[in-house]
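Q: Could you take me through this structure slowly, and show me how to read its features?

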Amino acid sequence: MAKEITYEEAVKRLEEIVTLLEKNEATLDESMKLFEEGTKLADLCNKKLNEAKQKITIMNKE
């Protein structure tokens, strides 16, 4: 089973993808793959942030 990527790793990779896309050097196919990967990473980051927010909310109620 593959190790789940951390929030920090996902953000770093997102930054790399943005840089690559901004350079406009990738082919259309490469750009589409990068965009798809970026979308998945953004969703993962959003999920992890929501989970952290829920944990903080629970800890504050205790």
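Q: Leaving aside its neighbours within four places in sequence, which residues is Leu41 in contact with?
A: Contact means heavy atoms within 4.5 Å, and on that reading Leu41 touches Ile5, Ala10, Arg13, Leu14 and Ile17. This is a predicted model, in which local features need pLDDT of at least 70 and side-chain atom pairs count only at pLDDT 80 or more, while totals for chains, interfaces and linings use all residues. Residues are numbered from 1 along each chain as its sequence is written, and side-chain values use heavy atoms, with hydrogens and water left out.

Q: Which residues form the largest nonpolar core?
A: A nonpolar core is a set of buried Ala, Val, Leu, Ile, Met, Phe, Trp, Tyr and Cys residues joined through side-chain atoms within 4.5 Å, where buried means under 20% relative accessible area, exposed over 50%, and partly exposed in between (1.4 Å probe, protein chains only). Here the largest one has seven residues, namely Ala10, Leu14, Ile17, Leu34, Leu41, Leu44 and Cys45. H1 and H2 are the elements that give two or more residues to this core, and its largest share, four residues, comes from H2.

Q: What covers the buried residues of H2?
A: Helices (H or I, at least four residues) are DSSP runs, numbered from the N terminus. The buried residues of H2 are Ser31, Leu34, Gly38, Leu41, Leu44 and Cys45, and their cover includes helix H1 (7-22).

Q: Where does Asn24 lie?
A: Asn24 sits in the loop between H1 and H2, and it has a positive phi of about 55° although it is not a glycine.
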